[in-house]
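Please look through the structure below with its open spaces in mind, and then follow the text from there to its helices.

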Amino acid sequence: MTANASIPLDYIEFCSPKLEETQAFFAEAFGWDFVNYGDDYRDIQNAGLGGGIAREPVRPPLPVLKTDDLEDMLARVKNAGATITKEIFAFPGGRRFQFLEPGGSEMAVWTEA
């Protein structure tokens, strides 16, 4: 991957301590469908951009970028000045890490398993 290759936004993750209520709201208000991954995560379907809802305390939505080389992207964001908030971890379907960009917004990068 070249240093100036564009990395697209691929996913946005919402957090809600009231997961079922948030899911019902999104379904009614926006017509979105969901895939349930256990008690604590819903994958949003038919929203135009991939997304999910995690049962967690409320925080700003998490923009997620996708890459084919997660280790390279981890090095790139570190070299560009990011603070890593979650090192690479696995989840159903892939692996990702999370970071704070210099202005303080949290973001993540993922790759398929």
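By class, nine nonpolar, two polar and seven charged residues make up the lining of the largest pocket, where Ala, Val, Leu, Ile, Met, Phe, Trp, Tyr, Cys and Pro count as nonpolar, Asp, Glu, Lys and Arg as charged, and the others, Gly among them, as polar. The model is a predicted one, in which local features need pLDDT of at least 70 and side-chain atom pairs count only at pLDDT 80 or more, while totals for chains, interfaces and linings use all residues. Residues are numbered from 1 along each chain as its sequence is written, and side-chain values use heavy atoms, with hydrogens and water left out.

The largest pocket has a volume of about 440 Å³, and of the 18 residues that line this pocket, Tyr-11, Glu-13, Tyr-41, Phe-91 and Pro-92 are the closest to its centre. A pocket is an open set of points on a 1 Å grid over the protein atoms alone, where a 1.4 Å probe fits, with protein on both sides within 12 Å along at least five of seven lines, and its lining residues have an atom within 4 Å of a point.

Which residues are buried in helix α2 (residues 70-79)? They are Leu-70, Met-73, Leu-74 and Val-77, buried meaning under 20% relative accessible area with a 1.4 Å probe, protein chains only. Seen down the axis of α2, its buried residues fall within an arc of 105°, so they line one face of the helix. What covers them includes β6, β7 and β8 (106-112), and α2 is followed by Gly-81, whose phi is positive, near 110°.

Methods: Grid points are joined across faces, edges and corners, and a volume is the space filled by probe spheres set on the points. Buried means under 20% relative accessible area, exposed over 50%, partly exposed in between (1.4 Å probe, protein chains only). Helices (H or I, at least four residues) and strands (E, at least two) are DSSP runs, numbered from the N terminus. The arc is that of the directions from the helix axis to the C-beta atoms. Contact means heavy atoms within 4.5 Å.
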